[in-house]
Amino acid sequence: MGHTAVVVGAGVAGLASAVSLARTGWQVTVLERSPEPGEVGAGLAMTPNAVAAFRGLGFEDADVAALGHPTWGSGIRDLEGRPVLALPDTPVVRRSVGLIGVHRRRLHAALHRRALACGVEIVTGTPVTTVEAGEPEGAPAVVEGREADVVVGADGVRSAVRAALFPASHPVYSGYSSWRGIAPGASGYTTLQQYWGPHAEFGTVRVADDETYWYGYVAMPGRTVIGDELAAARARFAGWASPVQQVLAATPPEAVLRHDVHHLPGGLPRYTTGRVVMVGDAAHGTLPTMGQGAATALEDGCCAGLLIGAPVAGGGRLAPALEAFDAARRPRRRALARASVASGRFGSHLGGGWRQTLRNTVVRLTPAGAITRGSRAVTGWTPPEPAPPVLGTAAR
Ligand SMILES: Cc1cc2nc3c(=O)[nH]c(=O)nc-3n(C[C@H](O)[C@H](O)[C@H](O)COP(=O)(O)OP(=O)(O)OC[C@H]3O[C@@H](n4cnc5c(N)ncnc54)[C@H](O)[C@@H]3O)c2cc1C
């Protein structure tokens, strides 16, 4: 019989992991707590590393083209719309900060369809509460009474798998909450627009010819209850640049979501324990200040197949494959999480007054080349080669 995996969570990380494992011949079941598979959230910007991971799951040019609107990040403005960092339209800039504006529903639907086409079983309405990690070369893992060669913990920043197996790691509230919405119609801009103000950031990107995604990320006490989210967002961003006003004015109330943003400072001490591998926000929920959460969730998913699925299907031992996954993923994700904290301090988390003026002056003096090189270090990731099997006596 082939190898089996149970994936907990049918978000981006879970579906990507399921697809990549199934592509290497594993039998995969996904357990999702929601009654219907689907993505909560409005849009996101898929940077080149996210697109590389997406292609690593077997998607072709036409699938990438169907995701959304190809564009790039042309820089950052202050809240009144004055350029702080203006990136010119050159091939180098487009390559470094290129992205696709994507409606989350489309990304999720593409992953869901691909998972089903690869033979993945998706069981909805099944919240996971119990996990036994097993031993890589001994007892199987057990999740909700199902035995598996590997369990993938992909159940988001408030992961039940993590709570069961890494009880010392807790997500914390970032102090920031984020409105997200889709406005019908194209914004006047073709590129990603980002605006920084005191303790706040607003961004817009076109996700289709007739849809613009926006987010408004602001300091707010956790669990704040707001009756009319759209009215509150309009009030919070009153006085910001006119494109911000326009996109908020065009948004219907039912298209607005708000979520308190939690993260996992430091991440997990290891991304694997027993036969369990942790991916996506469950492994390392990060601040969204670099927009890399879904991108790294796709990377993790892609690596689950290449570094665990392929070598084990080829007759290799599971323990070294799990080690290889941890060694490939944890340092990168830790570095990105640290960079996201630094980016927040300098960007959307910065206070008002002289701090804004000083920061904006420093950024205006920074050469565009330094910014695009830094960005390329993050977004230049490509999938690793499938790992060769590490042979030994314990094949599973
Ligand atoms: C404001 C904001 C903007 C962002 N913008 C970007 C961006 O532009 N680009 C980018 O790359 N990233 C962005 N991100 C980050 C990105 O949204 C997340 O990192 C990514 O969606 C995480 O995916 P995931 O699959 O790990 O977790 P999730 O999307 O949280 O999925 C977890 C899944 O597990 C299920 N689940 C939970 N608990 C259980 C359980 N006990 N049993 C079974 N199932 C369970 C959930 O229902 C869900 O389906 C942004 C985040 C925020 C907050």
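Predicted model: local features only at pLDDT ≥ 70, side-chain atom pairs only at ≥ 80, totals over all residues.
Q: OK. Take S4 and S13: parallel or antiparallel, and how many bridges?
A: Strand S13, residues 192-197, runs parallel to S4, and four bridges join the two.

Q: Which residue of S13 is the bridge partner of Asp 78?
A: Trp 196 is the partner of Asp 78 in S13.

Q: And S6, which way does it pair with S4?
A: S4 and strand S6, residues 98-103, pair in the antiparallel sense, over five bridges.

Q: How many bridges join S4 to S5?
A: Three bridges join S4 to strand S5 (residues 83-86), and the two run antiparallel. Within that pairing, Ile 76 has Leu 85 of S5 as its bridge partner.

Q: What's in the hairpin of S4 and S5?
A: Four residues lie between the strands, and Gly 81 in this hairpin takes a positive phi near 100 degrees.

Q: How many residues of S4 are buried?
A: Nine of the eleven residues of strand S4 (residues 68-78) are buried, so the strand is largely enclosed by the rest of the structure.

Q: Changing topic: the ligand. How many residues surround it, and which are the closest?
A: The ligand is surrounded by 36 residues, and the closest are Gly 9, Gly 11, Gly 156, Gly 280 and Gly 293.

Q: How does the shell around the ligand split by class?
A: The shell has 20 nonpolar residues, eleven polar ones and five charged ones.

Q: Which elements each supply at least two residues of the shell?
A: Helices H1 (12-23), H9 (280-284) and H10 (293-313) each do, and so do strands S3 (43-46), S12 (172-184), S15 (211-219) and S16 (256-263).

Q: Where does the largest share come from?
A: H10 supplies the largest share, four residues.

Q: Back to H1. How many of its residues are buried?
A: H1 is mostly covered, with twelve of its twelve residues buried. Among them are Val 12, Gly 14, Leu 15, Ser 20 and Arg 23.

Q: What do the buried residues of H1 pack against?
A: They pack against strands S1 (4-8), S2 (27-31) and S11 (150-153), and against helices H5 (104-117), H9 and H10.

Q: How far does H1 reach, and what is expected?
A: From its first C-alpha to its last, H1 reaches 16 Å, close to the 16 Å expected at 1.5 Å a residue. H1 is followed by Gly 25, which has a positive phi, near 100 degrees.

Q: What about H13: how far apart are its end C-alpha atoms?
A: They are 16 Å apart, which agrees with the 16 Å that the twelve residues of H13 (368-379) should span at 1.5 Å a residue.

Q: Which residues are buried in H13?
A: Ser 375, Val 378 and Thr 379 are buried in H13. Seen down the helix axis, the buried residues of H13 fall within an arc of 80 degrees, so they line one face.

Q: And which exposed residues does the face turned away carry?
A: In H13 that face carries Gly 369, Ala 370 and Ala 377. The buried residues of H13 pack against helices H2 (48-56), H4 (91-96) and H11 (318-346).

Q: What is the order of the open sheet of six strands?
A: The order is S7-S2-S1-S11-S18-S17, with mixed pairing. Strand S7 (121-123) and strand S17 (272-273) stand at the edges with a single partner strand each, so one side of each has no neighbour in the sheet.

Q: And the open sheet of three strands?
A: That sheet runs S8-S9-S10 with antiparallel pairing. Its edge strands are S8 (131-132) and S10 (146-148). Two bridges join S8 to S9, residues 141-143.

Q: Which residues other than glycine have a positive phi?
A: Glu 144 is one of them, with phi near 45 degrees, and Arg 223 is another, at about 60 degrees.

Q: Where is Glu 144, and where does Arg 223 lie?
A: Glu 144 is in the loop between S9 and S10, whereas Arg 223 lies in the loop between S15 and helix H7 (229-236).

Q: Why does Arg 223 count as exposed?
A: Arg 223 has 8 C-beta neighbours inside 10 Å, so it counts as exposed. The cut-off for exposed is 12 or fewer. Glu 144 has 14 C-beta neighbours inside 10 Å and so counts as partly exposed.

Conventions: Residues numbered from 1 in each chain as written. Pairing = 2+ DSSP bridges. Expected span 1.5 Å × (residues − 1). Buried ≥ 20, exposed ≤ 12 C-beta atoms within 10 Å, placed from the backbone. Arc of directions from axis to C-beta. Contact = placed C-beta atoms within 7 Å. Near = placed C-beta within 6 Å. Nonpolar A, V, L, I, M, F, W, Y, C, P; charged D, E, K, R; others polar.
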